[in-house]
Amino acid sequence: MNLDRAVLAFAGVMILASLALAHFVSPLWLWFTVFIGANMLQASVTGFCPAAMVLRKLGVASGCAFK
């Protein structure tokens, strides 16, 4: 799995987790979903993604989107 797919998978897992938490724990967890969406939007515009930086340091092979 390259870095691009790992970032997408991580974002998907975090969104699903926050939706589950909002359903079972508190609706305030939807703010976490908003944060994830805003971070994905800014990463698409600027190319800066904190998750990509962390995953790269963990040894995930580089992709073409996050260099």
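Q: How many residues does helix 1 have, and how far does helix 1 reach from its first C-alpha to its last?
A: Helix 1 takes in residues 3–24, which makes 22 residues, and spans 31 Å between its first and last C-alpha. That is close to the 32 Å expected at 1.5 Å a residue, where the expected span is 1.5 Å times one less than the number of residues. Helices here are DSSP runs of H or I with at least four residues, strands are E runs of at least two, and both are numbered from the N terminus.

Q: Where do the numbers come from, and which pLDDT do local features need?
A: This is a predicted model, in which local features need pLDDT of at least 70 and side-chain atom pairs count only at pLDDT 80 or more, while totals for chains, interfaces and linings use all residues. Residues are numbered from 1 along each chain as its sequence is written, and side-chain values use heavy atoms, with hydrogens and water left out.

Q: OK, back to helix 1. Which of its residues are buried?
A: Leu3, Asp4, Ala6, Val7, Ala11, Ser18 and Ala22. Buried means under 20% relative accessible area, exposed means over 50%, and partly exposed is in between, with a 1.4 Å probe and protein chains only.

Q: What covers the buried ones?
A: The cover includes helix 2 (30–46) and helix 3 (50–57).

Q: What caps the N-terminal end of helix 1?
A: Asn2 does, with a side-chain oxygen 3.3 Å from the backbone nitrogen of Asp4. For a polar contact, a pair of N or O atoms has to lie within 3.5 Å; within protein, one must be able to donate a hydrogen and the other to accept it, and residues adjacent in sequence count only if both atoms are side-chain atoms.

Q: Let's look at Ser18. What does Ser18 touch?
A: Leaving out residues up to four places away in sequence, Ser18 touches Trp29, Phe32, Thr33 and Ile36. Contact means heavy atoms within 4.5 Å. Ser18 is buried, with a relative accessible area of 1%.

Q: How many aromatic pairs does the structure hold?
A: It holds 2. Rings of Phe, Tyr and Trp (its six-membered ring) pair if their centres lie within 6.5 Å; planes under 30 degrees apart count as stacked, over 60 as edge-to-face and the rest as tilted.

Q: Why is the pair of Trp29 and Phe32 edge-to-face?
A: Because the planes of Trp29 and Phe32 are at 80 degrees, with the ring centres 6.3 Å apart. Phe32 also pairs with Phe35, and that pair is stacked: 6.5 Å centre to centre and 15 degrees between the planes.

Q: Where do Phe32 and Phe35 lie?
A: Both are in helix 2, 3 residues apart, about one turn of the helix. Together, Trp29, Phe32 and Phe35 form one aromatic cluster.

Q: Are those three buried or exposed?
A: Trp29 is partly exposed at 35% relative accessibility, Phe32 is partly exposed at 30%, and Phe35 is exposed at 51%.

Q: Moving to helix 3, which residues are buried there?
A: Ala51, Ala52 and Leu55. Seen down the axis of helix 3, they fall within an arc of 100 degrees, so they line one face of the helix. Their cover includes helix 1.

Q: How far apart are Phe10 and Ala51?
A: Phe10 and Ala51 are 41 residues apart in sequence and 8.1 Å apart in space, C-alpha to C-alpha. Phe10 lies in helix 1 and is partly exposed, with a relative accessible area of 41%.

Q: What follows helix 3?
A: Gly59, whose phi is positive, near 100 degrees.

Methods. Arc of directions from axis to C-beta.
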